[in-house]
Amino acid sequence: MARYAALLRGINLGRTRKVPMADLRALLDRLGYRDVWTVLNSGNAVFTGDDMEPADLEKELEAALAAEFAMDVPCLVRTADEMRATVADNPLGQIATNGSRLMAHFLSVPPEPAVLAAHDPVELDPERVRVGDRVIYQWCPDGLVAAPPVGDFVAKHLGVTVTTRNWNTVTKLGDLLDS
């Protein structure tokens with residue numbers, strides 16, 4: 001048995017693409033997952049299941065969401081160990097003083113090294129952006145709207161799916177994975 005975090009991209013951000021969290025929990029239950037919890041209303045879930053590759057879980061969840069809600073919802077899945085590493089490896093912890101303004105941009109796959117070298121997101125804000133393992137950390141002291149658009153830049157130039165969570169959400173997911 002293993003614990004996982006699922007990060008759904010682009011749901012519940014406006015009037016469209018609604019996925020009620022109670023319905024998401026019910027869907028995960030029907031898929032056979034246990035100890036299902038959702039966090040906030042923005043597409044975060046933790047659950048226990050058989051040991052599987054996160055990429056296989058992503059495909060399963062995306063197919064189930066398409067069947068259930070008739071929409072394409074990209075999913076990124078992290079194991080409990082991967083989420084722990086994301087938290088432990090935070091290179092901006094010394095300067096980031098507000099968890100709602102520290103962002104973790106989760107990447108679907110590691111970017112190709114040559115593409116990353118040609119389009120390094122750190123250059124957008126060298127003091128406040130760092131690249132980790134399938135995550136880019138961004139400190140936004142004046143808020144995300146005032147910060148360089150790292151997530152959009154990465155999706156466009158690195159050719160990966162990106163979904164962003166603030167640090168409060170990341171650590172809450174980590175706590176739930178450990179409970």
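Contact here means heavy atoms within 4.5 Å. The views below come from a predicted model.

**View 1. Leu61 and its contacts.** Skip the neighbours within four places in sequence, and Leu61 is in contact with Ala6, Leu28, Leu31, Phe47, Cys75 and Val77.

**View 2. The largest nonpolar core, with its 23 residues.** Leu61 turns up here again: along with Leu8, Val19, Leu24, Leu28, Phe47 and Leu65, Leu61 touches the most other members. The top contributor is α2, which gives 5 residues.

**View 3. A second, separate core.** This one has 20 residues, and among them are Ala5, Leu76, Trp167 and Leu173. As a rule, nonpolar side chains in soluble globular proteins tend to be buried together.

**View 4. Helix α3 against helix α6.** Here α3 (residues 80-88) and α6 (residues 167-178) have axes that come within 10 Å and cross at roughly 140 degrees. That angle makes α3 oblique to α6, because only angles over 145 count as roughly antiparallel. As for handedness, α3 passes α6 in a left-handed crossing.

View 5. On the α3 side, the contact is made by Ala80, Met83, Arg84, Thr86 and Val87. From α6 come Trp167, Val170, Leu173, Leu177 and Asp178. Sorted by type, the residues of this contact split into 7 nonpolar, 1 polar and 2 charged.

Conventions
Residues numbered from 1 in each chain as written. Predicted model: local features only at pLDDT ≥ 70, side-chain atom pairs only at ≥ 80, totals over all residues. Heavy atoms only, no water. Axes fitted to C-alpha atoms, helices over the stretch in contact; angles between N-to-C directions. Helix = DSSP H or I, 4+ residues; strand = E, 2+ residues; numbered from the N terminus. Parallel < 35°, antiparallel > 145°, perpendicular 65-115°, else oblique. Left-handed = near helix turned anticlockwise from the far one by under 90°. Nonpolar A, V, L, I, M, F, W, Y, C, P; charged D, E, K, R; others polar. Core = buried A, V, L, I, M, F, W, Y, C linked by side-chain atoms within 4.5 Å. Buried < 20%, exposed > 50% of the residue type's maximum accessible area, 1.4 Å probe, protein only.
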